[in-house]
Amino acid sequence: MQNPGQYKDIMDSLSAHIAILDESGVIIETNRAWQEFGRKNNLQPPGDSVGRNYLEVCDKSGDETGELTAIGIRRVLAGELQAFNMQYPCHSPTEEQWFVIRVVKLKAAGSPRVVVSHENISPVIKAQEDLKKKEMELSRQKKMLEDSNTALKVLLEHRDLDRVHLEENVLANVRKLVKPFVENLRFQKLDERNRNLVEIISSRLDEIASPFLNRVTAIHRLLTPREIDVAVLVREGKTSKEIAALLLLSVSGVDFHRKKIRKKLGLTNEKSNLRSYLLSLH
């Protein structure tokens, strides 16, 4: 037979607030944690609550927690439930607390009895709330980062487009407004010094127009300088007649260069558009 003193020591060693009720709901025994909670919260005497009808206290509480607790205890006493569990808040003016109540039938001979325990789960609830807040903050920061990345991506795309447009404008202006006059100078009767100056000017203009030019020469080094000139103007949308006028060539000469360019670039299919291919090099 178990020592009653040992049984009491086990009850008092538990952190949960424990009370044992008889079949009518009267408290017949409590542990130290239950008693200390009663004193700390100024519950009505006796301090150990022994002799008080716990079911009546729950019925008169006037709140949902008390009513549900009373129903759960009665159903366990009647054998309708093996156990009853419920989480509930129990806040004081200075502290927020949460408890879980567990009601189980006491396996002992004689009249039905139940063990009622109240376990403080405030640290768990607060940890869950802190985790939820951190998850919400993390989600907010993630959303901000995604928005920033989207804005940055759009900005970079606009900058790339602006750069491409600037290159195209510079290239077009050099080819349309300057290069034809320089080419005309090459056919004038110039002394050696002036011919050298014209070549230098032509070379410097090619450097200014180099963003697209360099891409072509880097990828297709097989193109001759004249073929590169033709390729640049084709990319700008010029017709063979317009290119011929700008480069002082015949239309048939331009067509010849176009065929050579297509062959070197591997555009053997007649349906392949040379200008579309050159535009793709950007």
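The model is predicted, and local features need pLDDT of at least 70, while side-chain atom pairs count only at pLDDT 80 or more and totals for chains, interfaces and linings use all residues. Residues are numbered from 1 along each chain as its sequence is written, and side-chain values use heavy atoms, with hydrogens and water left out.

**Overall make-up**

The protein has 11 helices and five strands; helices (H or I, at least four residues) and strands (E, at least two) are DSSP runs, numbered from the N terminus. Of its 282 residues, 33% count as buried, a word that stands for under 20% relative accessible area, with exposed meaning over 50% and partly exposed in between (1.4 Å probe, protein chains only). Among the contacts in the protein with a separation of 6 or more, 43% come from residues 24 or more positions apart, a contact being heavy atoms within 4.5 Å.

**The sheet and the helices on it**

The five strands make an open sheet in the order β2-β1-β5-β4-β3, with antiparallel pairing; two strands pair if DSSP finds at least two bridges between them. The edges are β2 (27–30) and β3 (83–89), each of which pairs on one side only, and the twist from one strand to the next averages 20°. Axes here are lines fitted to C-alpha atoms, for helices over the stretch in contact, and angles run from 0 to 180 degrees between N-to-C directions.

Strand β1 (residues 17–21) is joined to β2 by three bridges, and the two run antiparallel; in one of these pairings, Ile20 has Glu29 of β2 as its bridge partner. β1 and β2 form a hairpin with five residues between them, and Gly25 in the turn has a positive phi of about 95°.

In β3, Phe84, Met86 and Tyr88 form a covered face, whereas Ala83, Asn85, Gln87 and Pro89 form an uncovered one.

Helix α2 (residues 32–40) lies across β1, β2, β4 (98–105) and β5 (114–120), and runs at about 105° to β1. Helix α4 (residues 64–77) packs on the sheet as well, touching β1, β3, β4 and β5, and its direction makes about 170° with that of β3.

**Helices around α10**

Two helix pairs share α10 (residues 251–264), and the table sets them side by side.

| Helix pair | Crossing angle | Axes |
|---|---|---|
| α8 (residues 225–235) and α10 | roughly 95° | within 10 Å |
| α9 and α10 | about 105° | 8 Å apart |

Angles under 35 degrees count as roughly parallel, over 145 as roughly antiparallel, 65 to 115 as roughly perpendicular and the rest as oblique, and α8 and α10 are therefore roughly perpendicular to each other. Arg226, Glu227, Val230, Ala231 and Val234 in α8 meet Val254, His257, Arg258, Lys260, Ile261 and Lys264 in α10. These residues divide into five nonpolar, one polar and five charged, where Ala, Val, Leu, Ile, Met, Phe, Trp, Tyr, Cys and Pro count as nonpolar, Asp, Glu, Lys and Arg as charged, and the others, Gly among them, as polar.

α9 and α10 are likewise roughly perpendicular to each other. Ser240, Lys241, Ile243 and Ala244 of α9 make the contact with Val251, Val254, Asp255 and Arg258 of α10, a set with four nonpolar, one polar and three charged residues.

**Two residues to look at**

Most residues other than glycine have a negative phi. Leu248, which is found in the loop between α9 (240–247) and α10, has a positive phi near 60°, and it is partly exposed, with a relative accessible area of 40%.

Lys179 and Leu247 are 68 residues apart in sequence, and their C-alpha atoms are 8.7 Å apart in space.
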